[in-house]
Amino acid sequence: MIRFEGVRKSFGGATALAGLDLVVPEGAFAVLLGGSGAGKSTALRMINRLIDPDAGRVLLRGRDVAAEAAPALRRRIGYVIQGIGLFPHWTVARNIGAVPRLLGWDEKRIAARVDELLTLLRLDPAAYRDRMPAQLSGGQAQRIGVARALAADPDILLMDEPFGALDAVTRQALQQEMARLHAATGKTILLVTHDVEEALSLATRLAVMADGRLLQEGAPRDLLDAPADPRVRDLLDGGAIGMRRLSLVTAASLAGPTGEAPAALPHIPAAATGRDALEAMLAARAEAVVLLDAAGAPAGLVALRDLLRA
Amino acid sequence: MRLAPLLPAALFLAALLALPLAGPTFGALFPDVAEPLYRRESFIALTLSHAWLVLASLVPAAVTGIGLGVAATRPGAREMRVIADALVGFAQAVPPVAIIAIAVPVVGFGVTPSLIALVCYATLPVLRATTGALATVPTDVLDAARGSGMTPRQMLFQVELPLAAPPILAGLRVAAVLAVATAAVGAVAGASCLGTPIIAGLVNGNPAWVVQGAVLTGLMAFAVDGLLGALVRPVSASSP
């Protein structure tokens, strides 16, 4: 659990954080959302003490982060940044093994861990472990960046606009990858972004910040339905609040019984979102869509009017 | 391609061996000179003492230059940067002959004033290369290194210096070539080196000696440049 208590910070005359109180529950995929200058990166970088607060404190599992030497603290926390920052003079394997090496793991254990992480991030260890960072695409490099952050098996992963520099297709693939990693590992993830779509698609807890303060924190759906501040509504609305609501529910939660569905209706997987269902209906010019379970059997039917329940 | 950097060294060696046999040639070139070949010391002995002068100044210059460069680029080392800048400005403004002239009354004639001048002069390119090279290490890489839990020392030795090494080595190469050329000036203060025939020639009105000392000094500078260039290239190639 991460807890900010009355945290303030200013750089020169500019206030970055004006008294931040925030709790990130254990195991959450928490997203800090806000425009530039909201203070979200400053807040994130205080957790691993890349920035120290002027006032207030940051607690990690009840313990003030300032109580521990910064290097030791950072080795227990994964850190992923927009610029990726792979060490350009080291191979992929050496990059991933950076923190384990700092922790003094033996070479055999590091090599095994490197291969395990490459496999986890769907990169063939034999093909990638000896490459240099210059030989990677942006998406591959950020996968290595994530692998490096996970190498020493930290409980907490901090991600500062990690996909901001990637193209849309790569970004989406990596977002799905992170959702899968979060579900598979149960790690607490705190991700900073200014991208509302990204925030809504990843967050289990969403915190909206502006001007160095927390505006609202909660489940993404609650923020969409009951924004506590006009700035939260403006940020989340963006002229697409209906679609955003749809993208937060699974199609299965909107479905009725299959009945005698016409064979001509389009099919989508049951795990798809309400938004996917609408897209499939619009694409096929159909008034309903059939959900298929993992085995490919019909599992329900979503009609156009069912979407209004989202 | 492989042999190209060795060519100046081979040329220097050939000149060093051939020069003692070239007495008649210089006699023909400078018919007014009574003693056309410099024989007070062997050219090989002069070369060795010249090389010693260069090495003895280059090592402290490298240590000072890299050390000051590293210190000046540490976060929160404002005063250090000011001192380094002042040193750079001073070393740039004062020519080596002037340093020797200032040093001689203090430390006497001989090798010492030349060493002082050479160290001052060779430190500058190393210091410049070091601060410049360390400034080019990408901030994202530094951020990632810090965020991974590297201590400042680990960051310096595992990340910053390896990434900055090629330009620093290039600076050392410049310093070495400068030192070879400048060491000849040491003869003014009485240091034995390839500048000795030049000074002796100027004093005795013997242009043949001046040419012999100048040719060997120039070729030695080329040789050092070529050899160090061959050393620097593989290092930078191994860190893409």
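**Figure 1. Strand β1 (residues 2-11) of chain A is joined to β2(A) by eight bridges, and the two run antiparallel.** This is a predicted model, in which local features need pLDDT of at least 70, side-chain atom pairs count only at pLDDT 80 or more, and totals for chains, interfaces and linings use all residues. Residues are numbered from 1 along each chain as its sequence is written, while chains are lettered from A and ligands numbered from 1 in the order in which they are written. Helices (H or I, at least four residues) and strands (E, at least two) are DSSP runs, numbered from the N terminus. Two strands pair if DSSP finds at least two bridges between them. F11(A) stands opposite A14(A) in β2(A). Both strands belong to an open sheet of four, in the order β2-β1-β4-β5 (chain A), with antiparallel pairing. Which strands form its edges? They are β2 (14-24) and β5 (63-64) of chain A, each pairing on one side only.

**Figure 2. Strands β9 (residues 205-210) and β10 (residues 213-218) of chain A form a hairpin.** Five bridges hold this antiparallel pair. A210(A) stands opposite R213(A) in β10(A). Two residues lie between the strands. In the turn, D211(A) has a positive phi of about 50°.

**Figure 3. A mixed sheet of three strands runs in the order β11-β12-β13 (chain A).** The sheet is open. Its edge strands are β11 (267-269) and β13 (298-303) of chain A, and each pairs on one side only. From one strand to the next, the twist averages 35°. Strand β12 (residues 288-292) of chain A runs antiparallel to β13(A), with five bridges between them. Here V289(A) stands opposite V302(A) in β13(A). Helix α13 (residues 274-284) of chain A lies across β11, β12 and β13 of chain A. This helix runs at about 125° to β12(A). Axes are lines fitted to C-alpha atoms, for helices over the stretch in contact, and angles run from 0 to 180 degrees between N-to-C directions.

**Figure 4. Helices α7 (residues 138-150) and α8 (residues 168-185) of chain A cross at roughly 25°.** Their axes come within 10 Å. The helices α7(A) and α8(A) are therefore roughly parallel to each other. Angles under 35 degrees count as roughly parallel, over 145 as roughly antiparallel, 65 to 115 as roughly perpendicular and the rest as oblique. The crossing of α7(A) and α8(A) is right-handed. A crossing is left-handed if the near helix is turned anticlockwise from the far one by less than a right angle, and right-handed if clockwise. Which residues of α7(A) and α8(A) meet? G138(A), G139(A) and Q142(A) in α7(A) meet T170(A), A173(A) and L174(A) in α8(A). Two residues are in contact if their C-beta atoms, placed from the backbone, lie within 7 Å. By class, this contact has two nonpolar, four polar and no charged residues. Ala, Val, Leu, Ile, Met, Phe, Trp, Tyr, Cys and Pro count as nonpolar, Asp, Glu, Lys and Arg as charged, and the others, Gly among them, as polar.

**Figure 5. Chain A touches chain B through 19 residues of chain A and 15 residues of chain B.** On the chain A side, α2 (70-75), β6 (77-81) and α4 (98-102) each supply at least two residues. The largest share, four residues, comes from α2(A).

**Figure 6. In chain B, helices α6 (residues 111-135) and α8 (residues 152-183) pack at about 155°.** Their axes lie 8 Å apart. That angle makes α6(B) roughly antiparallel to α8(B). The crossing of α6(B) and α8(B) is right-handed. Their contact divides into 18 nonpolar, five polar and two charged residues. Chain B has 10 helices and zero strands. Its C-alpha atoms fill a box of roughly 75 × 45 × 20 Å, taken along the principal axes.

**Figure 7. Helix α3 (residues 43-73) of chain B crosses α8(B) at roughly 145°.** The two axes come within 9 Å. The crossing of α3(B) with α8(B) is right-handed. Among the residues in contact are L53(B), V54(B) and L58(B) of α3(B), and L172(B), A175(B) and A176(B) of α8(B). The contact has 15 nonpolar, two polar and no charged residues.
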